[in-house]
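Good morning, everyone. Please look at the screen, and keep the structure in view while I talk.

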Amino acid sequence: MKGFDRWLVFFLLTSCLAGCSIFGQTTDVPQGSILFQDDFSDVKSGWDIWNETTGSLVAYSGGGLRILVREPQFDYWSRPGKRFGDVRIEVDAIKLDGPDDNDFGLVCRYQNRDNFYAFLISSDGYAGILKVKDGQYQLIHADQMEFSPAINKGSASNRLRAFCLGPTLVLYVNGQKAVQAADQDFTTGEVGVMAGTNARPGVDILFDNFVVIRP
C-alpha cells in the first residue's frame with residue numbers, strides 16, 4: 001500500500017471546535033458530546049480536495065466527500081484539519097464504482113503522511129486496523145484483513161465507527177464489532193477518511209455524515 005498527502009506540511013491547528021486544543025484534549029466537554037460533524041453540504045467546510053492528472057480525485061460530490069483512486073496499489077485520504085486525542089469517529093461509506101477488492105474507512109491520530117492509524121473495510125467483506133509509522137504500512141489487529149459478516153458487500157452502504165481510546169483501537173461496522181488492536185505510538189492527531197486500491201484501479205467511494213464524538 002502506498003500513501004499520498006497533498007498537504008504534508010500544512011496543518012490546520014487553529015480550526016478545532018470548543019473543547020478541543022491543538023494537543024487533542026477534550027476533557028472540558030461531557031462524554032457523548034459532538035466535537036465535530038460534517039454532512040459535506042458546505043463545499044467550503046475545510047476538507048482537503050484535489051484532482052490528479054491520473055484521473056484520481058478527492059472532491060465534494062453528491063452531498064458527500066468522494067475519493068476516486070485511478071492508480072493500483074495506492075491510497076488517498078482527506079482531513080478537515082481537526083486534531084483530537086481520545087475520540088469516537090463515525091461515517092457512512094458507499095462504493096460508487098470499481099472493484100470490491102479495495103479498502104476504505106476512517107483515519108485517526110494522523111501526525112503526517114507517514115504516521116497515523118486507519119480503520120478499514122473492503123467491499124468484499126474484510127476489515128482491518130492499519131498503522132503507518134515512518135512510512136511503513138502494517139496491519140496491527142492480525143497478520144491480514146479479517147472477514148467480517150457485519151460488512152455489507154458490493155455497493156451497499158456501511159456505517160463505520162472507530163474508537164481511539166488510549167492504546168485501544170476498535171472498529172465497528174453497522175453496529176457490530178469487527179476488529180480490535182492495541183498500540184501506544186500515537187496518542188493525538190487529526191481525523192479523516194481514506195480509500196485505496198489493491199491490484200485493480202478505479203475504486204470510487206463516497207463518504208457522508210462524518211462525526212467525531214467524545215467517548
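Start with a charge and a ring. R161 lies over the face of Y172, at 6.0 Å from the ring centre. The term has cut-offs: NZ of Lys or CZ of Arg must be within 6 Å of the ring centre and within 35 degrees of the ring normal.

A word on the source. This is a predicted model, where local features need pLDDT of at least 70 and side-chain atom pairs count only at pLDDT 80 or more, while totals for chains, interfaces and linings use all residues. Residues are numbered from 1 along each chain as its sequence is written, and side-chain values use heavy atoms, with hydrogens and water left out.

Stay with R161. At 27% relative accessibility, R161 counts as partly exposed. Here are the limits: buried is under 20% relative accessible area, exposed is over 50%, and partly exposed is in between, with a 1.4 Å probe and protein chains only.

Which residue forms a salt bridge with R161? It is E90, and the closest N and O atoms are 2.9 Å apart. A salt bridge needs a side-chain nitrogen of Lys or Arg within 4 Å of a carboxyl oxygen of Asp or Glu. E90 lies in strand 7 and R161 in strand 13, so this pair ties together parts that are 71 residues apart in sequence. Strands here are DSSP runs of E with at least two residues, numbered from the N terminus.

E90 also meets R159 in a salt bridge, at 3.1 Å from N to O. That pair links strand 7 (residues 87-97) with strand 13 (residues 157-165), and its partners are 69 residues apart. Buried or exposed? E90 is buried, with a relative accessible area of 8%. R159 is partly exposed, at 23%. Now widen the view: R88, E90, D92, R159 and R161 are linked in a network of salt bridges.

How many salt bridges does a search of the whole structure find? Twelve. One more example: the side chains of D204 and R66 meet at 2.8 Å, N to O. D204 is in strand 17 and R66 in strand 4 (residues 64-69), so the pair ties together parts 138 residues apart in sequence. D204 counts as buried at 6% relative accessibility, and R66 as partly exposed at 21%.

Next, the rings. The structure holds twelve aromatic pairs. Rings of Phe, Tyr and Trp (its six-membered ring) pair if their centres lie within 6.5 Å; planes under 30 degrees apart are stacked, over 60 edge-to-face, and the rest tilted.

Take F36 and F210. They form an edge-to-face pair, 6.1 Å centre to centre, with 65° between the planes. F36 lies in strand 1 (residues 34-38) and F210 in strand 17, so the pair ties together parts 174 residues apart in sequence. Both F36 and F210 are buried.

Another pair is W77 and Y110. Their ring centres are 6.2 Å apart and their planes are at 65°, so the pair is edge-to-face. W77 is in strand 5 and Y110 in strand 8 (residues 102-112), 33 residues apart. W77 is buried at 0% relative accessible area, and Y110 at 1%.

Back to F36 and F210. Together with F40, W47 and Y60, they form one aromatic cluster. F40 sits in the loop between strand 1 and strand 2 (50-51). Its phi is near 65°, a positive value in a residue other than glycine. Most residues other than glycine have a negative phi.

What about strand 5 itself? Both faces of strand 5 (residues 75-78) are covered: D75 and W77 on one side, Y76 and S78 on the other, all buried. Strand 5 pairs with strand 16 (residues 189-197) in the antiparallel sense, over four bridges. Two strands pair if DSSP finds at least two bridges between them. W77 stands opposite M194 in strand 16.

Last, the core. A nonpolar core is a set of buried Ala, Val, Leu, Ile, Met, Phe, Trp, Tyr and Cys residues joined through side-chain atoms within 4.5 Å. The largest has 47 residues, and F119, V193, F210 and V212 touch the most other members. Strand 17 (residues 203-213) gives the largest share, five residues. A second, separate core of nine residues includes V107, Y110, A118 and L130.
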